[in-house]
Amino acid sequence: PSLSSQAKVITSPAFGVHLDSPTVPMGFKTDGTYVINPSKECTFYIIASPRPSGGHGGFSISIVCYDETLERYPWLEPPADMKPGEYGKCGWEDEYSALPEIMKSSEGSSSSLSENLRQMFLEEVPEFYEALDEKTFLSARVNRRTNWLQMTANDDGKGDVSYSTEDGIVALIGDAAHAMTPSMGEGCNTALESAVKLVDGISSIMERKGESECSVDTLSEGFLQYGLDRPKECIPIQVASAARNVLRKAVANTTPTSKDAFLHPKTS
């Protein structure tokens, strides 16, 4: 099968809201990442990570939301998916909208988004809210729903997927082959591993043939071998990552790892 005939872009029901804290939240350390669950029914969770001190410092805060989150907070509705011809017009800003669509027409919409987020944090994660700098909420932006690349060899989903063309002239790595949702943090890791696997495969063939310089035939053979072998390793990671973009599975698989009191409140 051709490369394009195998690929289908899947939009997940999850999206993110990003905030930048100019300072380290009170009581937080800068040597790890925090996962914070709300105090009530979990329709979102928060990931807070320190930024390198050599840059701007502070904390990067991401709110992971789902369609169920919008039932309680409809003003967080993410921007609609873009049409293919629209990509690139606004650079990196294509990925997010500073204001959700529902708030763009209202007066004082910028301040409304900040105020709504403040109220949401106060209700759901009051301890975390008290630890944050007030300027944090002014930086909020709502990201588009996440997409991932589903690769199947045939319409019925059976057969072998290949990341290379049948003639061995082209091979795909990284997001071109196995774009995935960010919920497991494996996208970059998998892309780097794919590059290593491709190089190792070509080097192994050169060694078997006794080549000191890579020939075109060897390169094509390496592409074909990589193209058939690598999907078996990448596709399970993509599927597992996508599963965590569904609320029930995400909640079941999100386990706080920090000893911080925000994640493990004391009970009497």
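Predicted model: local features only at pLDDT ≥ 70, side-chain atom pairs only at ≥ 80, totals over all residues.

**Entry 1, cysteines.** I began with C214, which counts as partly exposed because its relative accessibility is 37%, between the 20% and 50% cut-offs. I then looked at C65, which counts as buried, with 0% relative accessibility. How many disulfides does a search of the whole structure find? I got 0.

I looked up the mean pLDDT of the protein chain and found 81, with 76% of the residues at 70 or more. Where is confidence lowest, and where highest? I find the lowest mean, 49, in helix α9 (residues 247–253), and the highest, 97, in helix α7 (residues 216–229). I also noted two stretches with pLDDT below 50. Residues 98–110 are one of them, and in the model they have 24 contacts beyond near neighbours in sequence. Residues 249–268 are another, with 27 such contacts in the model.

I turned to α6, which covers residues 187–209 and has 23 residues. From its first C-alpha to its last I read 33 Å, close to the 33 Å expected at 1.5 Å a residue.

Which residues of α6 are buried? My list reads T190, S194, L198, G201, I202, I205 and M206. I then checked what covers them, and the cover includes α5 (175–178), α7 and α8 (231–243).

T190 sits in helix α6. Why does T190 count as buried? Its relative accessibility is 0%, and the cut-off for buried is under 20%. Leaving aside neighbours within four places in sequence, I find T190 in contact with H178, M180, R230, C234 and I237.

On the α7 side I noted Y226, G227, L228 and D229, which meet P231, K232 and E233 in α8. I sorted the residues of this contact by type and got 3 nonpolar, 1 polar and 3 charged.

Methods. Residues numbered from 1 in each chain as written. Heavy atoms only, no water. pLDDT = per-residue confidence, 0-100. Helix = DSSP H or I, 4+ residues; strand = E, 2+ residues; numbered from the N terminus. Contact = heavy atoms within 4.5 Å. Expected span 1.5 Å × (residues − 1). Buried < 20%, exposed > 50% of the residue type's maximum accessible area, 1.4 Å probe, protein only. Nonpolar A, V, L, I, M, F, W, Y, C, P; charged D, E, K, R; others polar. Disulfide = S-S within 2.5 Å.
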